[in-house]
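Biologist: I'm new to this one. Could you walk me through how to read it?

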Amino acid sequence: MNDALPIADIPAAALPVSRQAVWLPGYWYVLCESKELRRRPLQRMLYGKPLVLFRDDLGRPGVLVDRCPHRNVPLSLGRLESGRLQCAYHGWEFDTQGRCLRVPGLCTEAEERARNAISHAAVEEDGFVWVWGEPDVTPDVGPPSFGMGDIQGYDNIRQRVVFDATVHATVENALDVPHTAFLHRGLFRGGRDPIEIKAIVTRSPSSVQVEFVGEPRPPGLVARILSPSGGVVTHFDRFLMPSVAQVEYRLGDENHLRITGYCTPIDATRTAVFSSVDFKLRIPHWLVRPFVVPIAMRVFAQDAWVLKAQSENVDRFGGEQFASTAIDLIGAQVWRLMRRAEQGLLPEPEPDWCREVPLQV
Amino acid sequence: MNDALPIADIPAAALPVSRQAVWLPGYWYVLCESKELRRRPLQRMLYGKPLVLFRDDLGRPGVLVDRCPHRNVPLSLGRLESGRLQCAYHGWEFDTQGRCLRVPGLCTEAEERARNAISHAAVEEDGFVWVWGEPDVTPDVGPPSFGMGDIQGYDNIRQRVVFDATVHATVENALDVPHTAFLHRGLFRGGRDPIEIKAIVTRSPSSVQVEFVGEPRPPGLVARILSPSGGVVTHFDRFLMPSVAQVEYRLGDENHLRITGYCTPIDATRTAVFSSVDFKLRIPHWLVRPFVVPIAMRVFAQDAWVLKAQSENVDRFGGEQFASTAIDLIGAQVWRLMRRAEQGLLPEPEPDWCREVPLQV
Amino acid sequence: MNDALPIADIPAAALPVSRQAVWLPGYWYVLCESKELRRRPLQRMLYGKPLVLFRDDLGRPGVLVDRCPHRNVPLSLGRLESGRLQCAYHGWEFDTQGRCLRVPGLCTEAEERARNAISHAAVEEDGFVWVWGEPDVTPDVGPPSFGMGDIQGYDNIRQRVVFDATVHATVENALDVPHTAFLHRGLFRGGRDPIEIKAIVTRSPSSVQVEFVGEPRPPGLVARILSPSGGVVTHFDRFLMPSVAQVEYRLGDENHLRITGYCTPIDATRTAVFSSVDFKLRIPHWLVRPFVVPIAMRVFAQDAWVLKAQSENVDRFGGEQFASTAIDLIGAQVWRLMRRAEQGLLPEPEPDWCREVPLQV
C-alpha cells in the first residue's frame, strides 16, 4: 500500500520522471518590489526570458522583452530619456508600450511596426510590480494580491530570495511541516516528545489548503509571553495557482501571522520568492521587528541550501523519483493543479473533497 | 516599406535566424604580431581549431595543428629543440612542415606518414604572422596586408583585442557610424545639433566601401590645431574579404589617419582584431602618441562590452532578429559577401552599383 | 608498416574515434582509505553516480546511492544517528543495507520497500573501503588487494590523486616508460646516452605484464648507496583488470619497490588513483620516507597536468586519434581487455602469447 494514495490522485509511478518545470504564462507574476524600480531600467527574468522594467514620466511601470529590435542588445543596458527607454548601442527610444519613437541619425520617420519592442502588461499593486506572463495581452483580471492595506495593528515585512529549484519544489518546501524539525533543527519544533495531531486537506479548482488541528502552543518563553492564557494554535497552509504559498498562524486572539510567498519562475531551475509577512502581536512590534528578518533569512538560507542540493541531485540522476507518504500533504496536490492548468484542464469543482491525515509534530 | 531595402539585397526576413558564424577557411588570417613569436611555441585558435606557432632555426614561422599525432597532447606545451618542436609528453620532434623527425626510445626509423603533424601555410609580412585557413595548401596569393612600409611622415601603432562576438558583428561594429554618439558618448561626435550628410555606398565582388560626403570639421580645439584653415573631412569606411575593416580619415592636406582591423575568427563566438593605425598629423607625433592607445583602448572596451551583451542576448533568444534601417550602411552588405563566399558564389562585378543614403551626424 | 601491429591486436584505425570511457561495473573499486571514513558520511562518485559511505555502530562500512528515496536530497548531507544515516531534509533514517527504519512524523509503519535506499556491497580490506560497482549484488569474490600485510622489513605509503582523464589514459600513463625522460625530465632517467634494452610483453585473460630486461643500474650516488655491488635491475609493469596498474622494481637483493595504483572511475572524464607504495631498502627507511611523498606528488602533478591537457585536446578535436609505435607497450593491450570485458567477452587464455620489443632507455 502506498501511503500517498489517500490524499493524492496521482500514483507515485505517474510522478514526473525528469525534472520538468511547468510553463504557465497566463498568470500574473511579481517581478520586483515597487521600491526597487527607480530611475534606472531593471532586468528580471520570467520563464527564462529576460524582461526590462522601467517607469515613464508619470511613474507608470512598463515591461518590455529585454532585446532591442535593432541589433538585439539588452535594453536594460540603456538609460531613461524623458520617460523613454534609450538603447545603449544606437540610441533607439521606446515607450512603455514598446513603440519605437526615435532612431538617431535616420532622416525618415522613426516609427514602424518592425522596430517596436515586445511588451507585457504590467501593473503596480500592493507595493509590487506585476507582469502578465504572455506578451501583447491585456488581462481582464488583476493580480492575486493578498496585501492587507492599512488594517490597524498590522505590520508588514518583505524579502526577496532566489532558490535554485523549480517552482513546485519551492512551494512544497514552503508549505511542508515535517522538515522543520530537521532542516531547521533548533529554530522550530522539536525539543519535546512528538504529539499526534490532525491535518485536514481540502481543495478547489485553483487551490489547496491544509488545516492543522490540535497543534499545542509551542513550549518556551516566547510563546508564553505571546499568549499567557495558553490559547489555541490555528494553523493553515495554502497553495493558490499559479504559485502562491501562504502560511497562516493565530495564537490566542491577539497574535496573527501570515506569510505569503509569491513565487516567480526565473527559468526552469530557479525561482524567486517575494515573501510578504503580515503580523499583529500582543507584544510591541518594535521588540519583534529586529529579529524577524535575521531569523527568516536563516530559515531561507537553510531551505535554499537543501533545495539546491535536491535540484542538483535530481539533475544528476536524470529526474525526480519521489517516494511519498501520507504526511506529504501538499506536494502531489500542487503538482496536479500545475500540470492540469498547463494542459488547459482546470479541475472540476469537488465541493465535498476532504481528507484527514494524522501526523506527529 | 522596409528602410533597409534601398541598400540591401537581402530582405530582413532572410537575415540569419540563429547566430551562425560563417566558415571561410580559404583565406589568410593574422595569428600574431611578429614580436609575439619568440623562443617559445605560441598557441592560437582559428575557427575553433587550436594551432601552434613556432620558429625554426632560421627564424621562419611554422604553424601546425596543436595536437601531437602520438597521444594528442597539445604541442604548444612543448619546447623548441634545434628549431624543432618537441612534444612535452614523449619528446616526439616536428619541423615546421609537421614532419616527425624523432621518436625517443624507438629503435627503428622515426619518420612515417601517420606520425606527421598537420601543417598550415604560414608567412610573415608587415610585422604579422599570417596563416592560411586550410591545412596542407600552398596558396598562390599573399596576405591582404595594408602596411605602409616606411613612407615618410607616417607612424604606426598596433593593438590586439578579443571580442566575444562573431566576425560579422565585430566588423559591423567597427564600421558603423551611428553608434558612436551613444556607445562612445563624449568621445566622438555629439555636443552639437545633428547635420545631414550623405553616405555613398559602392561595392565590388570582394569589398564594400562607404564614403561620407559633407561631414564638417569636428568642433573643439584639437580639430582647430590639426587643421587651422578649416579644410574638409574625407572619411571612408571599407570592408574587404574575408574580414578586414578599415576606416580612413583626412582633415585638410596635412592630417591622415587610417585604421585597419584584421579580424581573425577564434571560434564561432570570439573574434580577435589586430588593429594597425597609420597616421600622419600636422602636429608632432610625440605629442599625440601618449593619447592614442589609452583612448583606443577605452573605445575598444566599450565596443567589447556591447558586443558581448549582444552576443549573449542573441544566444539567449535563439538567434539574430535584426530590424535594419537605411542608415545601417554596411552590416547587410558584409553578411551578403560572407555568405556567398561560404557557398562558393562570389558575386558578379557590378560596375555601376552605387547607393546614396542621407544620414544625420 | 604500422609499428604498433607486432604487439597490438587492434589496428590503429580501429582505435576509439571518440573519447569513450568503458563501463565495467562488475568489479570491486576502492572508494576511500579506511582512515578517511569516520563519524561523518562521505560522498564519493563511481562511474558518475554519487555514493554515500558511512559506518554503523559496529564500525562496519555501508555504501548507499547518495539519494534519499523521499525527496532525492543527497544523504551525504545528513548525519549519523545510532549507526543509521539520517537525511538532512526530513530526517528519514537508513541502515547500511539501505533499509528505511524511520519516517519522522508518520503515524504508521516506516518500513516499506519503496522507501529503501539503493545499496552496494562494501568491504574493508588492507586499509581501503571497497565497493562493488553494481547495486544489490553480493559478490562471491573479494577485492584484488595487493597489501603485503605485515611482512617484515617493508614499509607502506599511500596517496590519493585525482586525474582529469579516463581510466585507460591514466593506466597507460602510469605504466608508460618513454615519457619519463621528457615529462619528468630531471627526475628519472636521462643524463646519459640511451641504452638499448628488451621489453617482454605477456598477457592473460585479465592482465598484461611487461618485463624490462637489461636495464642498467641508474647512474648517480643514490643508486650506488642502494646497491654498492652494482647488481641487476628487475623491472615489471603490470595491468590487472579492471583498473590496477602496478610497477615493481628490484635492485640487487636488498632493495624492493612496488607501487600499486588502484584506479577508480569517478566519471567519464575523471579517475581517482589510490596508490600504495610498498618498499624495502638497504638504507634506513627513516632516511628515505621524508622524500618519497614530495617526489611522488611532483611526479603526480606533472602526470595530472599532461593528462588534463590530453583529455581536453581529445575533447576539442572530437575524439582520440592516436598514432602508436612499437614501444607503446601497454596502452592498446589495456584498451583491448577493457573493451572485451565491457562486451562480456573475456579473452581466451593464450598460454604462449609473448612479444619482445627493443627500446632505448
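Modeller: Let's start with how copies are compared: they are superposed by least squares on the C-alpha atoms of residues with pLDDT of at least 70 in both. This is a predicted model, where local features need pLDDT of at least 70 and side-chain atom pairs count only at pLDDT 80 or more, while totals for chains, interfaces and linings use all residues. Residues are numbered from 1 along each chain as its sequence is written, and chains are lettered from A and ligands numbered from 1 in the order in which they are written.

Biologist: By what turn can chain A be laid on chain C?

Modeller: A turn of 120 degrees does it, with a shift of 0.0 Å along the axis and an RMSD of 0.1 Å. That is why we speak of a three-fold axis here. In chain A, A:Asp315 has the C-alpha nearest that axis, 13 Å away from it.

Biologist: How many residues does each side give where chain A meets chain C?

Modeller: Two residues are in contact if their C-beta atoms, placed from the backbone, lie within 7 Å. Chain A puts in 25 residues and chain C 21 residues. Next come the elements: helices (H or I, at least four residues) and strands (E, at least two) are DSSP runs, numbered from the N terminus. On the side of chain A that touches chain C, helix H2 (180–183), helix H4 (285–316) and strand S18 (354–360) of chain A each supply at least two residues. H4(A) has the largest share, six residues.

Biologist: What kinds of residues make up that side of chain A?

Modeller: For sorting, Ala, Val, Leu, Ile, Met, Phe, Trp, Tyr, Cys and Pro count as nonpolar, Asp, Glu, Lys and Arg as charged, and the others, Gly among them, as polar. The side of chain A that touches chain C divides into 15 nonpolar, six polar and four charged.

Biologist: Which helix gives the most to the side of chain B that touches chain A?

Modeller: H4(B), with six residues. That contact takes 26 residues from chain B and 21 residues from chain A. The side of chain B splits into 16 nonpolar, six polar and four charged.

Biologist: Now inside one chain. Which domains does chain A have?

Modeller: Domain bounds come from an automatic or database domain assignment. For chain A, the assignment gives domain 1 (28–135) and domain 2 (155–360). Their centres, taken over C-alpha atoms, are 35 Å apart. Nine residues of domain 1 of chain A are in contact with eight residues of domain 2 of chain A. On the domain 1 side, strand S1 (28–33) and strand S2 (42–46) of chain A each supply at least two residues, and S1(A) has the largest share with four residues.

Biologist: How do I read a sheet?

Modeller: Strands of a sheet pair through backbone hydrogen bonds, either parallel or antiparallel. Here, two strands pair if DSSP finds at least two bridges between them. Chain A has an open sheet of eight strands, in the order S11-S17-S16-S15-S14-S13-S12-S18, with antiparallel pairing. Strand S11 (155–163) and S18 of chain A are the edges, each pairing on one side only. Within chain A, strand S12 (residues 196–204) and strand S13 (residues 207–213) pair over seven bridges, and A:Thr202 stands opposite A:Gln209 in S13(A).

Biologist: What about burial?

Modeller: A residue is buried if 20 or more other C-beta atoms lie within 10 Å of its own, exposed if 12 or fewer, and partly exposed in between; C-beta atoms are placed from the backbone. In helix H1 (residues 167–175) of chain B, nine of its nine residues are buried, including B:His168 and B:Glu172.

Biologist: Why does C:Lys198 count as partly exposed?

Modeller: Because C:Lys198 has 13 C-beta neighbours inside 10 Å. C:Lys198 lies in strand S12 (residues 196–204) of chain C. Not counting residues up to four places away in sequence, C:Lys198 touches C:Val213, C:Gly214, C:Glu356 and C:Pro358.
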